[in-house]
Amino acid sequence: MSVRELVVLGTASQVPTRHRNHNGYLLRWDGEGILFDPGEGTQRQMLRAGVAAHDIDRICVTHFHGDHSLGLAGVIQRINLDKVPHPVSAHYPRSGQRFFDRLRYATAYRETVALLEAPVDTDGPLVRTPGYTLEARRLSHPVEAYGYRLVEPDGRRMLPDRLAAHGIEGPDVGRIQREGSLNGVALEDVSEVRRGQRFAFVMDTRLCDGVYALAEGCDMLVIESTFLDDDEELAVDFGHLTAGQAARVAREAGVRHLVLTHFSQRYPDPEEFERQARAAGYEADLTVARDLDRVPLPKRR
């Protein structure tokens, strides 16, 4: 059975707390695992969450501030120590190549796994697989930063009443799906478009075009909400979002499940983030992320 879920490894911004580790998020997408922004302590959080190095197929780093990337050294070495049997791809801003190199070779170890470097320097598609297209969009932060978005290809949903009306049953259902027509009946006559799922990951940024492009029509949006609305001026100064801003983006973009994360240590009550998101008019599913949460993607439309 295919699994699509977000495993939250850490939710703190800049400074970890007693209850929040630095960032780290693993997206399970069917049989593939995509690790986003492994901050310091990610390797231990993986252990606590039941995530193995073998689960990682791709690493996506939004930018090279420490809370989003200092865990790379340990994760990369663990991938090699465990002799992961498949290549692992790494995406990160090309302008931070020197930081990636330093983290990749921070200490001596034996390389046993092909780590495929694929730096990002422009908006648009990065890679296409049978299960999704991975895209990037530039964000607005004091250092170069990109957000990421997965878009599943549209498929088709078979309609039992139309199949029955045309007398198509049993093995012939699979045949018309494979061949596109059967005895003069087109696939479009007995099915409808099934929209592919969409997932976006948006970290440190002010409001900008990239945020909206990434969020548009997403089934799940994982987005930073470092500050509460009363501190919007601080958010703008430091290149971040507030809970209300993130929620308004999600509302306007038609997001089905909003996941707020990357919280400043200055706020003792995480529930206030939910209250402000609801006050901003977001009415769909909402998760204020906690370390080790597992958040399933919504069921298909």
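Analyst: Start with Glu 135. Its neighbours within four places in sequence are set aside here; beyond them, Glu 135 is in contact (heavy atoms within 4.5 Å) with Gly 124, Pro 125, Leu 126, Gly 147, Tyr 148, Arg 149 and Val 151.

The model is predicted: local features need pLDDT of at least 70, side-chain atom pairs count only at pLDDT 80 or more, and totals for chains, interfaces and linings use all residues. Residues are numbered from 1 along each chain as its sequence is written, and side-chain values use heavy atoms, without hydrogens and water.

Glu 135 belongs to strand E8, residues 133–138. Strands (E, at least two residues) and helices (H or I, at least four) are DSSP runs, numbered from the N terminus. Glu 135 is buried because its relative accessible area is 16%. Buried means under 20%, exposed over 50%, and partly exposed in between (1.4 Å probe, protein chains only).

Now the rings. Rings of Phe, Tyr and Trp (its six-membered ring) pair if their centres lie within 6.5 Å; planes under 30 degrees apart are stacked, over 60 edge-to-face, the rest tilted. The whole structure has 10 aromatic pairs. Trp 29 and Tyr 132 are edge-to-face, because their planes stand at 80 degrees, with centres 6.3 Å apart. This pair joins distant parts of the chain, 103 residues apart. Trp 29 lies in strand E2 (24–29), Tyr 132 in the loop between E7 (124–128) and E8. Both are buried.
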